[in-house]
Amino acid sequence: MPDDLLINAADEVRIRQHLALVALGKRPATRAIRVGRLLDVNGRRWHDNQEIVVSGRRIAWVGPAGKYSGQVDERVDRSQLAAVPGFGEVHKHIESSHLTPEYEAALVLPHGCTWTCEASHEFSNVNGPKNLEFWLKARLAGSPMKIFPLPGSAVPPTAYEWGGGHFGYDEQREFLSSQMMVAGLDEVMDWPAVWNPDNPSYERLWGMIRATFEQRGVVEGHAAGMRAIDDINAFAAAGMASDHEAWTPEEVADKLRRGLFMEIRPHSLKEIVSGLLADGQQDWSQFALCTDDRSCSDTMKLGATDHNVRLAIEAGLVPEIAIQLVTINPARHMRLTPWVGSIAPGRFADLVLLDDVASLSIAEVWADGAQVSRGRDYVGALPRIDWPDWATRTVKIDRQLTAADFAIAAPEGRESVSAALLRPFHWSDEFIITELPVVDGLVQRDAERNITKFAIVDRFSGEGKTARMFWLGTGPRTEDTALACSMGHDKHNIWVVGSSDAAMAQAVNALRETQGGWALVRRGELVATVRYEVGGLMTCRPAAELDAEMQTLYREGESIEWMYEPTFSPRWWPGFPERLAFATLTCAPWRWVLVAPSPLAPEGFVNVATGETHPIVW
């Protein structure tokens, strides 16, 4: 039987020819797994006393135990357990676990997740030319996790950003034609560039959409903040197939009615599901559950895809429908049903074996026809990958930064200036304006008013170009303190926030040495680092090792006084400013943002909806 770690048309024909003969009993099967109950997600029906006959990594035959006519090399009895298909993620950024794919697999497979549609605009923005090679590498090395990459539409996120990768028509066509594992186009986020022909990203984005249509791939959407009916209609008319950004039952219903496939995330899942059920929703075929972003530390505490399913059950869905939302529904939407989504012939032999269906208690997980977990313990293959320099040398800053890189000079002779202010998750049409003092020609922070300094440092050119401005209600009040990180959605330049320019430089220089991650400087001393040496986004280590470093970072952060604006929702902004990694987004509904200096935004301060720029101080 041909090797089917990846999917390609020539091998797929030979695999199907072989599986047909195994199903007819004309060739021997690898093993038969007997289960007490089996959920057919295609018809949402349970079948008792079933047998799953496997050849290699695929299922060849499914039916009543004892009825298969062929020879079986090994028989496995799990008649005390109930079998459901391996869970899938319709939209997930593996980079947000901060683990390389082989270690991500070891983390999530015991939680039932056997396949993921990787929304890759993180690593795409770090090394676009090597993006597909990166996502297939673990699978080719023997990892049982199936990763279906979707190249990032946001490469770069807007026309005002650059470095690491640039995807357009030619790149997307090559991705889709070279490997059948590529399922489509990652979430199209730059909505102003989709509808507005004058936007500088218009041709690039429509080129990617065209290439996806040509290959019959799926164009995933991102409709954050989109509530107006005209906008939703335009979004669907433009070819966006889905949205995972809805927050309320009403918003979901409006988008569902316009034909969007709704991907529900955990933080609003219970409200959405319970609200739709109360409103009489009966057909759940246009829904899936998705994780989107979850760190390995949170996965260790909460779970993976299984956590999402349990939330849906708690919100009122029957377990069988909740399971459909992470199996057949996402597989149908992503056009992957020949390979994943159900326990059926031709599919990968991925099974979640439950000892209690109502509570979704997982006893074992099987992937590629082999057992990969026992309880919460991973027992499957964990290939060792020596990631090459193109993955591990991605923080390219060829000099030591100094305090001067973060200083903001005032116009000559001034004792005070007007300054532009942003704050985390600033979605207003206008930025904030305030007066700030000048000392020795430099504009000063104002800790009494929760005003500090925030900067974006380019990590792709080697020059360490720096954009800086003042921010409200974020960062440290403690003197000579700074926090820096190489994960800053979606361009993933280095962001740094600090109470002194020298501390900001010290934190960024620490990331030059570690090749990415987190660096915390407190009162002039580097007190904690977390290493993301692969792409500046992930680490090639077990989850427990990474979590231990994160816990040290949190503990050190507890001794720092952080600025906080009480008008912000506690859901988004309590204490340690970890969510600044998401405050650097430049997609809708953002307007004014700070990006690394670029030809269209020399100071980095730009309205991504209009292209307008403005001085930081005047």
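Is Leu-176 buried or exposed, and at what relative accessibility? At 9% relative accessibility, Leu-176 counts as buried, where buried denotes under 20% relative accessible area, exposed over 50% and partly exposed the range in between, computed with a 1.4 Å probe on protein chains only. The model is a predicted one, in which local features need pLDDT of at least 70 and side-chain atom pairs count only at pLDDT 80 or more, while totals for chains, interfaces and linings use all residues. Residues are numbered from 1 along each chain as its sequence is written, and side-chain values use heavy atoms, with hydrogens and water left out.

Leu-176 is found in helix H5; helices (H or I, at least four residues) and strands (E, at least two) are DSSP runs numbered from the N terminus. Not counting residues up to four places away in sequence, Leu-176 touches Val-182, Ala-183, Gly-184, Ala-211, Thr-212 and Gln-215, contact being defined as heavy atoms within 4.5 Å. Leu-150 lies 26 residues from Leu-176 in sequence, and the two are separated by 9.0 Å in space, C-alpha to C-alpha.

Two packed helices are described by the angle between their axes and the distance between the axes. Helix H5 (residues 169–178) packs with helix H7 (residues 202–214) at an angle of about 25°, and their axes are 7 Å apart; the axes are lines fitted to C-alpha atoms, for helices over the stretch in contact, and the angles run from 0 to 180 degrees between N-to-C directions. H5 and H7 are therefore roughly parallel to each other, a term that applies to angles under 35 degrees, whereas those over 145 count as roughly antiparallel, 65 to 115 as roughly perpendicular and the rest as oblique. On the H5 side, Tyr-169, Gln-172, Arg-173 and Leu-176 meet Gly-207, Met-208, Arg-210, Ala-211, Thr-212 and Glu-214 of H7. By class, this contact of H5 with H7 has four nonpolar, three polar and three charged residues, with Ala, Val, Leu, Ile, Met, Phe, Trp, Tyr, Cys and Pro taken as nonpolar, Asp, Glu, Lys and Arg as charged, and the others, Gly among them, as polar.

Strand pairing was examined for S1, two strands being regarded as paired if DSSP finds at least two bridges between them. S1 and S2 pair in the antiparallel sense over nine bridges, and Leu-38 stands opposite His-47 in S2. Eight bridges join S1 to strand S4 (residues 72–85), and these two strands run parallel; here Arg-37 stands opposite Ala-82 in S4. S1 and S2 form a hairpin with four residues between them.

Backbone geometry was considered next. Arg-44, in the loop between strand S1 (29–40) and strand S2 (45–55), has a positive phi of about 50° although it is not a glycine, and at 43% relative accessibility Arg-44 counts as partly exposed. His-98, placed in the loop between strand S5 (87–92) and helix H2 (101–108), likewise has a positive phi, near 65°, in a residue other than glycine, but at 8% relative accessibility His-98 counts as buried.

The bond from His-489 to Asp-490 is cis, with omega near 0°, and Asp-490 has its place in the loop between strand S22 (482–485) and strand S23 (494–498). Ala-588 and Pro-589 are also joined by a cis peptide bond, with omega about 15°; Pro-589 is found in the loop between helix H18 (580–583) and strand S26 (592–594).
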